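Please look over the sequence and the structure shown below, and keep both at hand while reading. The report that follows takes up selected side chains and the elements that hold them.

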Amino acid sequence: MSTDNSEKECEVNENTVNEIESAVELTVEEQLQEDLANEKDKFLRLFAEFENFKKRTTKERIDLFKTANQDVLQSMLPVLDDFDRAMVEISKSDDDILLKGVELIHEKLKNTLVSKGLEQVEVRAGDAFNADYAEAITQIPAPSKELKGKIVDVIEKGYKLGDKIIRFPKVVIGQ
């Protein structure tokens, strides 16, 4: 009987050991599955963050290229204004050769600036005043009822680079 008991104890011990081993294997497998899921989640989050970073830096680079010439173009605007004033004064004289020469230089400068992305902000006398696109220098009594609250005169032209206004047109509005 003692052998039967010891055999039964051995069987019970083996069964217990097998159950414990199975439980440990399940626990280890569950832990590995959980670790794998955590690592996959970390990877996906990191990948998504990296994709967002790439998109953001690409957009910033494009914006930088669009406005890289902004400082240079802004410093050229007074020269363009001087040319406009010179054209008005020279056209009053009788010297057609001088007028033609200055017109050529003026057009070349304008074309060069336009090729770099500079555009004139279109505002004219009689247009409705919009503070988003023009800067009011002063208000004067409107010469007619139609010009009340509208642009009476454009003092200085405005320019934009792409969608961004780099110099607002300076205007006089009717009161």
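Arg-167 counts as buried because its relative accessibility is 13%, where buried means under 20% relative accessible area, exposed over 50% and partly exposed in between, computed with a 1.4 Å probe and protein chains only. The model is a predicted one, in which local features need pLDDT of at least 70 and side-chain atom pairs count only at pLDDT 80 or more, whereas totals for chains, interfaces and linings use all residues. Residues are numbered from 1 along each chain as its sequence is written, and side-chain values use heavy atoms, with hydrogens and water left out.

Arg-167 forms a salt bridge with Asp-81, and the closest N and O atoms of this pair are 2.8 Å apart; a salt bridge is here a side-chain nitrogen of Lys or Arg within 4 Å of a carboxyl oxygen of Asp or Glu. This pair links distant parts of the chain, since Asp-81 lies in helix α2 (residues 70-91) and Arg-167 in strand β5, 86 residues apart. Helices (H or I, at least four residues) and strands (E, at least two) are DSSP runs, numbered from the N terminus. Asp-81 also counts as buried, at 8% relative accessibility. Both residues belong to a network of salt bridges that links Asp-81, Glu-156, Arg-167 and Lys-170.

## Other salt bridges

By this rule the structure has 11 salt bridges. One of them joins Lys-92 to Glu-89, with the closest N and O atoms 3.4 Å apart, and Lys-92 counts as exposed at 59% relative accessibility. Another joins the side chains of Arg-124 and Glu-122 at 3.3 Å, N to O, and Arg-124 and Glu-122 are both exposed.

## The sheet around β5

Strand β5 takes part in an open sheet of 3 strands, with the order β1-β4-β5 and antiparallel pairing, where two strands pair if DSSP finds at least two bridges between them. Because β1 (118-121) and β5 (164-167) stand at the edges and each has a single partner strand, one side of each is left without a neighbour in the sheet. The twist averages 40° from one strand to the next, with axes taken as lines fitted to C-alpha atoms (for helices over the stretch in contact) and angles running from 0 to 180 degrees between N-to-C directions.

Strand β4 (residues 158-161) pairs with β5 in the antiparallel sense over 3 bridges, and Tyr-159 has Arg-167 in β5 as its bridge partner.

The structure holds 2 aromatic pairs. In one of them, the ring centres of Phe-43 and Phe-47 are 6.2 Å apart and the planes lie at 25°, so the pair is stacked; rings of Phe, Tyr and Trp (its six-membered ring) pair if their centres lie within 6.5 Å, and planes under 30 degrees apart count as stacked, over 60 as edge-to-face and the rest as tilted. Phe-43 and Phe-47 both lie in helix α1 (residues 2-67), 4 residues apart, which is about one turn of the helix. Phe-43 is exposed, with a relative accessible area of 52%, whereas Phe-47 is partly exposed, at 45%.

His-106, found in helix α3 (residues 96-115), is buried, with a relative accessible area of 6%. Not counting residues up to four places away in sequence, His-106 touches Leu-80, Phe-83, Asp-84 and Met-87, where contact means heavy atoms within 4.5 Å.

Ile-137 lies in strand β2 (residues 135-140) and is partly exposed, with a relative accessible area of 46%. With the same exclusion of residues up to four places away in sequence, Ile-137 touches Lys-170 and Val-171.
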